[in-house]
Amino acid sequence: MMNDYTFLHNLPDVPIPYINPVVTGDSWKLKELPNKKYSSMITRVESNPINSKEICVTFGNCVRIITSNSKKVDEREITSFRDTPYGASYRDDGKLIVVGGEDPIIKLIDVSSKNTLRKFQGHTGGIQCTRFIEKGSLISGSNDSTIRTWAIETGEQLQMVGKHKDKVHCMTRHPTNGENVWMTGGYDHCVKLWDIRSDKKQATITLDHGSPVEDLIMLGASGSMAISVGGNYFKVWDLLNGSGGKQVYQGTHSMKALTSIHLSNSKDRFITSGLDHTVRVFSTQSYSLINSYEFSEPLLSLTLINDRKIIAGSAKGTLFYARKTNPVTISKAKLSNTELKNSTDPVIQLKAKKQQQIQHNQTLVIDDTLGIYKSSHLDRLLRKFEHKTAFDTAVLLNKNIDFIFKVVCELSRRDALDIVLKNREVIELDSILQMVNKLVNTIKYQQCGVLLLEKIVEFYHPSIFQENKSIISTMNSIKINLIKEQKKQSQLLELSGALDLLYSNSTNSNIPKTIQKRKFEEDDQDNNQE
């Protein structure tokens with residue numbers, strides 16, 4: 001039991017104390033740099049895994065290798081394509097790229113000489129995505145809905161791994177087992193996990209994204225999590241939950257479709273781009289939005305270089321550059337607080353203002369740390385199973401609503417709420433009810449307040465709530481707050497019903513008249529038969 005104990009400040013489902021991003025140094029504020037304009041939409045951007053100054057851009061009827069040095073920008077164009085190329089991708093050593101395209105031929109190209117070294121034929125539709133499995137083999141996904149592997153040495157197909165029900169649009173390798181395990185996304189709304197060693201041609205896991213899947217990544221050293229993007233949302237998948245995986249989160253931050261996703265080298269951030277012109281940065285731990293930046297055109301692809309520089313390709317042919325800015329720091333000027341405060345120099349006044357802001361933010365962090373130490377006393381009581389003392393300390397002495405919520409959660413988990421609420425004096429009961437009123441009046445903790453109120457009403461005779469004036473006043477206040485909440489819920493239900501009706505009418509109005517006419521004719525035939 002002692003090993004299973006969870007400290008109060010580590011309990012989930014409670015508000016996380018706010019820490020200013022400037023203090024933590026991870027605000028991910030972006031500054032846009034000069035961009036480049038090309039002739040047509042940029043469908044993929046990928047950085048060289050060895051040389052971070054080199055990127056490979058797929059657009060129009062060519063692939064362009066761009067190397068940015070301090071003095072100049074070198075651009076080499078590969079134009080040996082009969083039709084639109086797709087999904088150019090580097091080998092791990094950065095010396096070769098593999099490219100698919102609308103023409104169903106995979107090309108292996110040397111980066112330095114721009115020569116085509118090998119061609120791979122077998123797909124019957126355009127090839128959306130191609131990747132290196134290792135130095136000696138490739139994997140590809142096509143509009144013909146198949147996933148295939150190829151031997152680089154011979155140019156022959158090794159196997160047909162499996163199929164989607166629509167075109168395969170994206171793929172990613174397992175973080176540590178990329179030679180054997182791959183994940184694909186298709187326009188059949190499915191995310192599929194494959195073990196390419198198997199000859200069964202069946203996916204190990206199939207997940208329903210709900211929209212055409214535009215891009216995906218796998219998370220964690222074990223590859224136990226994955227994120228797919230498509231439609232105006234992304235979904236997070238737990239691949240080890242049960243036999244078929246499970247959705248654990250859905251993030252909707254855009255009004256238009258998301259088109260690309262990229263994982264940072266540090267593995268703690270992922271970045272999305274979309275048709276709403278916006279790049280968004282998210283945490284891989286909480287999946288919460290950290291920051292965003294809006295460009296001037298719809299975005300189709302992006303890459304992240306050294307966790308500092310974002311390069312995004314647009315649907316109108318612009319290659320956008322943005323750099324992560326450093327946290328604002330104040331130079332160590334040898335001025336006293338009085339000199340900073342009384343100075344008329346606008347630069348010094350700005351420094352003083354920034355310094356006050358930093359001191360305020362540091363105070364927030366210190367207060368949060370003290371909060372953890374305050375909860376340690378309650379932890380000691382709970383670990384000794386002194387449930388009533390811990391509850392009284394939180395409600396009657398500490399009176400911090402966050403701590404009370406955590407203590408109630410822990411006592412409820414231990415089935416100890418009955419013990420701490422029974423046989424209370426009137427004064428104690430009044431203090432508990434006042435805290436219940438605060439909980440009920442706070443949206444985050446309403447469920448906790450209602451739980452305590454139900455227990456109290458069950459354990460005490462109605463006469464107690466009618467004799468003491470203070471308790472009567474508190475109960476009336478609780479009643480008023482609950483009635484207000486009930487009215488809000490009722491209004492929300494009415495609004496939900498109205499929206500359902502509106503959506504139903506709009507859906508019916510979009511049915512073609514021929515279908516509606518046919519349906520009416522079938523109904524008439526059924527009535528005549530009856």
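Predicted model: local features only at pLDDT ≥ 70, side-chain atom pairs only at ≥ 80, totals over all residues.
**Exercise 1. What volume does the largest cavity have, and which residues and elements line it?**

Solution. The largest cavity has a volume of about 70 Å³.

The next step is to list the lining of the largest cavity, which is made up of Phe81, Arg82, Asp83, Thr84, Pro85, Val99, Gly100, Gly101, Glu102, Asp103, Ile105 and Lys107. Strand S7 (96-101) and strand S8 (105-110) are the elements that give two or more residues to this lining, and the largest share, three residues, comes from S7.

Finally, sort the lining of the largest cavity by class, which gives four nonpolar, three polar and five charged residues.

**Exercise 2. In what order do the strands of the open sheet of four strands stand, and which are the edge strands?**

Solution. Begin with the order, which reads S22-S23-S24-S25, with antiparallel pairing. At the edges are strand S22 (258-263) and strand S25 (289-294), each of which pairs on one side only. When direction is ignored, neighbouring strands of this sheet are turned by 20° against each other on average.

**Exercise 3. Over how many bridges do strand S23 and strand S24 pair, and which residue is the bridge partner of Arg269?**

Solution. First locate the two strands: S23 covers residues 269-274 and S24 covers residues 278-283. Strands S23 and S24 pair in the antiparallel sense over five bridges.

How values were computed: Residues numbered from 1 in each chain as written. Heavy atoms only, no water. 1 Å grid on protein atoms, 1.4 Å probe; cavity = no way out; pocket = protein on both sides within 12 Å on 5 of 7 lines; lining within 4 Å. Points joined across faces, edges and corners; volume = space filled by probe spheres on them. Nonpolar A, V, L, I, M, F, W, Y, C, P; charged D, E, K, R; others polar. Pairing = 2+ DSSP bridges. Axes fitted to C-alpha atoms, helices over the stretch in contact; angles between N-to-C directions.
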